[in-house]
Amino acid sequence: MEVGERKERFLKQRQVLIFFVFLGITQAGSEPRHYSVAEETESGSFVANLLKDLGLEIDDLAARAPRVISKGKKMRLHFDRQTGDLLLNEKLDREELCGPIEPCVLPFQMLLENPLQFFQAELRIRDINDHSPVFLDKEIVLKISESITPETTFLIERAQDLDVGSNSLQSYTVSPNSHFHLKLQESPSGTVLPQLVLNKALDREEQPEIRLILTALDGGTPPRSGTTLVRIEVLDINDNAPEFAKLLYEVQVLENSPIGSQVAIVTARDLDTGAYGEISYVFSQASEDIRKTFRINEKSGELLLTQELDFESIQNYTLNIQVTDGGGLSESCVVFVQVMDLNDNPPELTMSTLINEIPENLQETITAVFSVSDPDSGDNGRMVCSIQDDLPFILKPSVENFYTLVTNRALDRETRSEYNITITATDTGTPRLKTQHHITVLVSDVNDNAPAFTQASYTLRVRENNSPALHIGTVSATDTDAGANAQVTYSLLPPADPHVPLASLVSINADNGHLFALRSLDYEALRAFEFRVGAADRGSPPLSSQALVRVLVEDDNDNAPFVLYPLQNTSAPCTELLPRAAEPGYLVTKVVAVDGDAGQNAWQSYQLLKATEPGLFGVWAHNGEVRTARPLSERDAARHRLLVLVKDNGEPPLSASVTLHVLLVDGFSQPHLPPPEAEAEAAAAAPADPLTVYLVVALASVSSLFLFSVPVFVAVRLCGRGGAARAGRCSVPEGPFPGHLVDVSGTGTLSHSYQYEVCLTGGLGTLKFLKPIIPNFLAQGGERGSEANPSFRNSFEFSQVFIRVSTVLSLS
C-alpha cells in the first residue's frame, strides 16, 4: 500500500517526462536505444557517443542538423554536434524525477532535421545512496496495557527512504531491552515493516514507561541510518478496541477545490467507558505528500484539505486512518480519494525546429516542426491546431501530436517580405482552453527582378560650347529586389554605329546615373547623337535593362557672318564697274555672306556704314544687294569705296564688314583706270626716259591683247545661247533656281556651287565663267557634313575667278 502511495505521488512527474511521440518519419516503430547515467552526475558529463547509433559520420553532423528534444521546456541533455557526444545539461535527481519508480527512465528523442528523421532513446538514471532513512515522527508513542500477553506484536511507523533498490531501506534495529524484541515483516509490496514483539508481561506499577531507540538502515555502501524514539506508556487494562463503521471509504474530489474543503468523515466507536472509551483519529503510515495535503480532526474524524489538489500531479490518494481508544487499542480503515479532472491546463506547444528566414520562389518549404501536449485527460486533453486562413502556409500532422508548418505556394518577397504567424492549439474541454505561439518568418530575396528605368527613352539638351565634365542629365532605374540584388550600376552600351566616338563624348556615373559631357560640343559639327544606357543589378546572376538617350545640341551664337563675295583676303581688291548711264536702282553688286549658326543666330542683315559719296548707293538690308540710289552725273568721282556691315540676329549679335570698290565708266570701252595709289607708285617708279616708257607700254598692250583673246573667245562660245545682259553689269541667271540651292536667312538663295555670269558688250559677245565658290558645307541633318567638315572656318577654301576686261581702243 505504501508503494502505491508513492507511485501516486510521482505520477505527475512521470507524465511530464514521457514523450507522446516516439515514431520517426523514417524509423517509425523502431525499438528505443538505451543509455544510463548515475544520478547527481555533474553537468556537462559524458553520457554516450551517438554517431554509431545514428548511423552517421562526424562529417555528416552539420548537414543533418541533429538535436535532442524531450518532453516539456526543460532540456536536460545536450548533443555536441562537433563530436557526436551526448552530454548532461544539469545534475539529475532520480528521486525528484521518478520517486519510488524503478527503473527511472527519461525518454528523449534525437531529431535529424535535414531530412526530417526521429530516433527514440531512453536514459536510465541509476540510483546512488544519497538519502538516509528518515522517520517522519521523531517520537513514537505506544500505549500498551499491562494485560497484554507476551508475543503480542505492535506495528511501528516505518521510516522513509527516497532511494530505491539496494540503496533503499533494508532493516531496523532496536536498542537492547528486556521487554521487547524487533520483528521485521515484509508487506505484499515488498516494504519492510518494523514490529515490536512483547517478550514478557508489562507491570505498570514496576515500570510505567519504557524508552527504546529504533534505528532504520539502508543497503548502501556505506549504509545510511536514521533513528526515532519509541516511548511506551503502560496502561491499565482495556478489553475493547475501537471499531470503524466501514473499513473502506471511497470519495471523489474535484481538483482545485478550495483549501479547507471537507473530503470525508470517518466514524468509529468503542464499547468501553471512561478513558478507555475515548477515541482519537490519526493518519497511519501516511507519506509526506498525504500529510501536506490532508488534515484529520482527532475528535470528529473529519478529513479536510490543507492544499489544492492537482489531477495532473496525482490522480488518487490512499489514506490509512487509525483510531485509538484511551486504553491503547486501535483499529484502521482506508479512505480512497479520487481526484476529478478539470480543464485547467491549456495545451502546451514545444517548438522543435524553427526556420525564421526562407527564400522566395520555393515550393513546399518546411518552416517549423513542433509538438503539442495537454496534461489533462479525456476531452480536456484532446487538441486541435490551426493558423490564420489568409497565409500561404498550412499545418501538416506528422507523427502523434507532431506538426510541420509548410508553405503551400511560392512566396514573393516583393509582394510581402514578412509573415507573422500565430499557431493556436485548442483543447476540446469545457471550457475550451487554448495556447497561442507567435512566430515571424522573413522571406529572403532572390534576384528575380531586373532594374527598370523610369523612362524608356530620355531626351537631353545641352548648349554648345559647354565646359568639359558638364552634368547634362540623369538616367534612373529602380530594382524591387533587396540588398545586392537591388544595387544598380549604370554603364554606356557600345553604340550601334562604331564610327560614333561615344567614349569621347559622354560618360556616366556608375552609381547614380549622372551623365557628363566629356568635351565641349559644337553645334555646327554635331547637332544630335544618341546612345543606349544599361542598368545592371549586383545579383547572381545579374539582371539588366536598357534605355535610349538622345542628346540634342542647342545652337549658340558663336559664328560671325562670313563674306563669300566679294572675297576680302585677296591681294587685289575686286572692283565693280558701273556705267555712268545707270538709272536709280541699278544693281551694282551683291554681298553674299553665310553664318554657321542656326535659327535666328543665322539671320543676317546688311547695312552701309561708309561710302565715298553718301547718298549715291544703298544696300538692301535683307539680301545684300548694292544698288544706285540716284542718277549718276559727270561730277561724281570715278572711283568709290563702300564699307558694308553684315550682322546676324544672335544675342549678342556678331558681325563682319566688307569693302567694295566701284569704278564709274562710260560703257565698257573706257579703259580701266588704276587706283590713285597705283598711279602714285607708277609715277615714282617711272624712268626719266620717255622712250623706255613707250616701249614697255606697247609690249604690255600686245601681251594683254594676246592673253585676253583666248578667254574672250571661250566666253563668246559659252554665252552664245542668247539673252543679252545689260552693259557693264554681272547678273545671275533668271528663272527658278535648281533644287540643290538652299535658302540662307530667308533673304535669297545660296547654292553649293555658285554661278556667276560676266557679260561684256561692245561686240565681244557674252563671256560666262562657271566656278565652284564653296564646298558642300551644309549636308543633310548637319551630322554628316559636320563629320566631313569639322571646322568650317579653318577648312573653308574659297576660289574666285576674277575677270577684268580692259578694252583699249587706240587709233593711231
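Predicted model: local features only at pLDDT ≥ 70, side-chain atom pairs only at ≥ 80, totals over all residues.

Author: We begin with strands. Helices (H or I, at least four residues) and strands (E, at least two) are DSSP runs, numbered from the N terminus.

Reader: How many helices and strands does the chain have?

Author: The secondary structure consists of 11 helices and 54 strands.

Reader: Is Glu-364 buried, partly exposed or exposed?

Author: Here a cut-off is needed. Buried means under 20% relative accessible area, exposed means over 50%, and partly exposed lies in between. Glu-364 has 47% relative accessibility, so it counts as partly exposed. Asn-465 is partly exposed because its relative accessible area is 40%.

Reader: Which peptide bond is cis in the loop that holds Pro-541?

Author: The bond from Ser-540 to Pro-541 is cis, with omega near 0 degrees. Pro-541 belongs to the loop between strand E39 (528–537) and strand E40 (544–554). Another cis peptide bond links Glu-651 to Pro-652, with omega about 0 degrees. For Pro-652, the loop is the one between strand E48 (639–648) and strand E49 (655–665).

Reader: How do I read a sheet, for instance the one with the order E17-E21-E20?

Author: Read the order of the strands, then the direction of the pairing. This sheet is open, has three strands and is paired antiparallel. Its edge strands are strand E17 (262–265) and strand E20 (294–296), each of which pairs on one side only. On average, neighbouring strands in this sheet are turned by 20 degrees against each other, direction ignored.

Reader: How many bridges join E17 to E21?

Author: Three bridges join E17 to strand E21 (residues 302–305), and the two run antiparallel.

Reader: What is a disulfide, and how many does the structure hold?

Author: A disulfide is a covalent bond between the sulfur atoms of two cysteines. The structure holds one. Its partners are Cys-98 and Cys-104, with their sulfur atoms 1.9 Å apart.

Reader: Is the disulfide of Cys-98 and Cys-104 right-handed or left-handed?

Author: The torsion about the S-S bond of Cys-98 and Cys-104 is about 70 degrees, so the disulfide is right-handed. Cys-98 and Cys-104 are both buried. Two further cysteines can be read for burial: Cys-333 counts as buried because its relative accessibility is 2%, and Cys-385 counts as buried because the value there is 18%.

Reader: How many aromatic pairs does a search of the whole structure find?

Author: The search finds 11 aromatic pairs. One of them is Tyr-35 with Phe-108, a tilted pair at 6.4 Å centre to centre, with 35 degrees between the planes. Tyr-35 lies in strand E1 (residues 33–38) and Phe-108 in strand E6 (residues 104–113), so the pair ties together parts that are 73 residues apart in sequence. Tyr-35 is buried, with a relative accessible area of 12%, and Phe-108 is buried at 1% relative accessibility.

Author: Phe-370 and Tyr-403 give a stacked pair, 5.7 Å centre to centre, with 15 degrees between the planes. Phe-370 is in strand E26 (residues 366–373) and Tyr-403 is in strand E29 (residues 402–407), so this pair ties together parts 33 residues apart in sequence. Phe-370 and Tyr-403 are both buried.

Reader: Which residues form one aromatic cluster with Tyr-458?

Author: The cluster consists of Phe-453, Tyr-458 and Tyr-490.

Reader: What share of the residues in the chain is buried?

Author: Of the 812 residues in the chain, 42% are buried. The chain exposes about 41,800 Å², of which carbon and sulfur atoms supply 53%.

Technical notes. Residues numbered from 1 in each chain as written. Heavy atoms only, no water. Pairing = 2+ DSSP bridges. Axes fitted to C-alpha atoms, helices over the stretch in contact; angles between N-to-C directions. Disulfide = S-S within 2.5 Å. Buried < 20%, exposed > 50% of the residue type's maximum accessible area, 1.4 Å probe, protein only. Areas by Shrake-Rupley, 256 points an atom, 1.4 Å probe, with all protein chains shown as cover. Phe/Tyr/Trp six-rings, centres within 6.5 Å; stacked < 30°, edge-to-face > 60°.
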